[in-house]
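These are my notebook entries on a single structure. I record what I looked up, entry by entry.

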Amino acid sequence: MDVFSDACQEAGKMALPEPLIGASVLVTGGTGTTGKLLVRWLLEQSGASRVIVFSRDEHKHHDMLRDPRFQHPALHSMVGDIRDLRRLRHALEGVSLLLHTAAMKHVSIAEANPTEAVRTNIEGTMNIIEASRDAGVLRVIAHSTDKAVQPACIYGATKLVMEKLLIRADAESGKDGPRFDIVRHGNLIGSRGSVIPLFQEQMKSGRLTLTDPEMTRFWIDDETLVSIIYRAIVDGKGGDIFIPKLPACRLDTLAQAIAQDATIEIIGARP
C-alpha cells in the first residue's frame, strides 16, 4: 500500500497557490527522506511545471531516477551542494519556490564534526539567501527542528542560527525580495538514520539499546509534514515560523511499542 498517495487523496489536492501556479520548484536535499516526500507531493499534487532535485549524493540521484514513483516529465535531477554558491545560483535560474531540507542532521556526527555542521547548516543557509535574491526567487521555505529551541548540541545550535539568518534575511528583503519562512518540526517517522528503523533492526536480535529511557522525541508523519509545508507556502507572510502541534513519547515507551518482549540495554546519553 502506498501510504503517501492515500494520504494525499484523503487531504485533497494541494495545488500551488497564486502566483506559484505552474512554477519551477527546487528542493535542496531532495534525495533524502524528507526531500523525496516533498518531491512526490510536488510531482503528484502541486501542478509545478518543473521540480529540481538538488543534492550532493550521486548514488541517491541514481536510485531516485530508477524508482517508478519518480518517473515524471517535470522531474529534473541536479547534483550539487548548498556549500557551492556558484552551483546553487545556476540551479536557481528560473525557480520561483525553494524548499530547503538539506542539512547535516545526525546529532553525534555533527558533534564530532562541528566545522562541517557549520559549513552546511549555517554557511549553506547564507548561500541559499544570497542565491535566492540573485535569482529572483519568490518564496523560500526552510526546514528546522525542535532541537533549535534552547539547543544543547551543535546540530540544534546551527539550526537556531539558520532560523535567525532567515528571519533577518526576510526583514532585509524589501517588498520585492524573496519571502523567507521556516517550518520547525520533529522527527519524520521512519526517516533514514532515525531511532525507529534502528529499533526495528535491533529487534531481530531481541536486544534494543537505549541512550536514556526518559529522553523524548517529537514525531511527525508524512501527511502532516506535507500539510504544514503547504500551509507555510499558502499562509506564510515572510519571517514566520510554523510549528505543528505534534505528539511526543519517551524512548522507553517507543521501544516497548516496537519490541515488547525485547531485552532493553541502557547505554547512556551520548557525549
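**Entry 1: H8 and H10**

How are H8 and H10 oriented to each other? I recall that two packed helices are described by the angle between their axes and the distance between the axes. I note at the outset that the model is a predicted one. I looked up the axes of helix H8 (residues 195-202) and helix H10 (residues 251-258), which come within 10 Å and cross at roughly 45°. Angles under 35 degrees would count as roughly parallel and 65 to 115 as roughly perpendicular; H8 and H10 are therefore oblique to each other. I also recorded the hand: H8 passes H10 in a right-handed crossing.

**Entry 2: H6 and H7**

I then turned to helix H6 (residues 114-135) and H7, whose axes cross at roughly 15° and come within 9 Å. This angle makes H6 roughly parallel to H7. The crossing of H6 and H7 is right-handed.

**Entry 3: strand S4 and its partners**

I recall that strands of a sheet pair through backbone hydrogen bonds, either parallel or antiparallel. I looked up strand S1 (residues 24-28) and found that S1 and S4 pair in the parallel sense over four bridges. For Val25, the bridge partner in S4 is Leu97. S4 is also joined to strand S5 (residues 139-145) by four bridges, and S4 and S5 run parallel. Within S5, Arg139 stands opposite Leu97, and Ile141 stands opposite Leu99.

Which way do the side chains of S4 point? In a regular strand the side chains alternate between the two faces of the sheet. In strand S4 (residues 97-100), Leu97 and Leu99 point one way, while Leu98 and His100 point the other way. I noted that all of these residues are buried.

**Entry 4: strand S5**

Is S5 enclosed or open? I found that seven of the seven residues of S5 are buried, so S5 is largely enclosed by the rest of the structure.

- Arg139, Ile141, His143 and Thr145 point one way from S5.
- Val140, Ala142 and Ser144 point the other way from S5.

I next looked up the pairing of S5 with strand S6 (residues 179-185), which is parallel and spans seven bridges. In S6, Arg179 stands opposite Arg139.

**Entry 5: the loop between S5 and H7**

I looked up Gln150, which is found in the loop between S5 and H7. Its phi is near 45°, a positive value in a residue other than glycine. Is Gln150 buried or exposed? Gln150 has a relative accessible area of 75% and is exposed.

**Entry 6: the sheet S7-S9-S11**

I found an open sheet of three strands, in the order S7-S9-S11 and with mixed pairing. Strand S7 (187-188) and strand S11 (248-250) are the edge strands, as each pairs on one side only. Strand S9 (residues 216-220) runs antiparallel to S11, and three bridges join S9 and S11.

**Entry 7: the aromatic pair**

How many aromatic pairs does the count give? With ring centres required to lie within 6.5 Å, the count comes to one aromatic pair. This pair is formed by Trp41 and Tyr230, with 6.1 Å centre to centre and 80° between the planes. Planes over 60 degrees apart count as edge-to-face, and the pair of Trp41 and Tyr230 is edge-to-face. Trp41 lies in helix H2 (residues 33-46) and Tyr230 lies in helix H9 (residues 222-235), so the pair ties together parts that are 189 residues apart in sequence. I looked up the accessibility of both residues. Trp41 is buried, with a relative accessible area of 0%, whereas Tyr230 is partly exposed at 21%.

**Entry 8: a cis peptide bond**

Finally, I looked up the peptide bond from Glu18 to Pro19, which is cis, with omega near 0°. Pro19 lies in the loop between helix H1 (3-11) and S1.

Notes
Residues numbered from 1 in each chain as written. Predicted model: local features only at pLDDT ≥ 70, side-chain atom pairs only at ≥ 80, totals over all residues. Heavy atoms only, no water. Buried < 20%, exposed > 50% of the residue type's maximum accessible area, 1.4 Å probe, protein only. Helix = DSSP H or I, 4+ residues; strand = E, 2+ residues; numbered from the N terminus. Pairing = 2+ DSSP bridges. Phe/Tyr/Trp six-rings, centres within 6.5 Å; stacked < 30°, edge-to-face > 60°. Axes fitted to C-alpha atoms, helices over the stretch in contact; angles between N-to-C directions. Parallel < 35°, antiparallel > 145°, perpendicular 65-115°, else oblique. Left-handed = near helix turned anticlockwise from the far one by under 90°.
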